[in-house]
Amino acid sequence: MYFILHEYYTGCLFCRKGRLYVNLAGSVICLFLVLLLDFWLIPGYGIKGAAIASSIAYTVSAIYQVWKFSGFKRTVLQSILVMNKNDWMLTRTYLKTYSGNNESALAGKLVS
């Protein structure tokens, strides 16, 4: 899930910066891996093989996007992949704000 969210963010960034070739390359990598792994895994494993193939392809594509992002922003991969205290606090704030379970939303439900 983390890679998918990060891939979405990096995809938007590269698009905004006019580097669509990075998004295209990531999508092509994913497409070829899905096709190759599906032909290899589905005959033996069925739907589980398809799930494994898709998971591997999307993860590799996301890793490619993160790798290109780290070179673009000149950051260390560890600072992108490992959440620090500020990241957790920001995530907590967003979850409280947008989940509908914050105190003001709860108070509004109790009053009405």
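This is a dialogue about reading the features of one predicted protein model.

Visitor: What should I know before I start?

Guide: Because the model is predicted, local features need pLDDT of at least 70 and side-chain atom pairs count only at pLDDT 80 or more, while totals for chains, interfaces and linings use all residues. Residues are numbered from 1 along each chain as its sequence is written, and side-chain values use heavy atoms, with hydrogens and water left out.

Visitor: How many helices and strands does the protein chain have?

Guide: Helices (H or I, at least four residues) and strands (E, at least two) are DSSP runs, numbered from the N terminus. Here the protein chain has 6 helices and 0 strands, and the order from the N terminus on is α-α-α-α-α-α.

Visitor: What percentage of the residues count as buried?

Guide: Buried means under 20% relative accessible area, exposed means over 50%, and partly exposed lies in between, with a 1.4 Å probe and protein chains only. In this protein chain of 112 residues, 24% count as buried.

Visitor: How is a pair of aromatic rings described?

Guide: Such a pair is described by the distance of the centres and the angle of the planes. Rings of Phe, Tyr and Trp (its six-membered ring) pair if their centres lie within 6.5 Å; planes under 30 degrees apart count as stacked, over 60 as edge-to-face and the rest as tilted. The structure holds 1 aromatic pair, formed by Y64 and W67, which is tilted, at 6.2 Å centre to centre with 50° between the planes. The two residues are separated by about one helical turn because they are 3 residues apart in helix α3 (residues 47–73).

Visitor: Is Y64 buried or exposed, and is W67 buried or exposed?

Guide: Y64 is buried, with a relative accessible area of 17%, whereas W67 is exposed, at 51%.

Visitor: Where does D38 lie, and which residues does D38 touch?

Guide: D38 is in helix α2, which covers residues 20–45. Contact means heavy atoms within 4.5 Å, and, not counting residues up to four places away in sequence, D38 touches L33, P43, A50 and A53.

Visitor: Which side chain of opposite charge is nearest to D38?

Guide: Lys and Arg count as positive and Asp and Glu as negative, with His and the chain ends not counted, and a salt bridge is a side-chain nitrogen of Lys or Arg within 4 Å of a carboxyl oxygen of Asp or Glu. For D38, the nearest side chain of opposite charge is K48, 15 Å away, and D38 is buried yet has no salt bridge.
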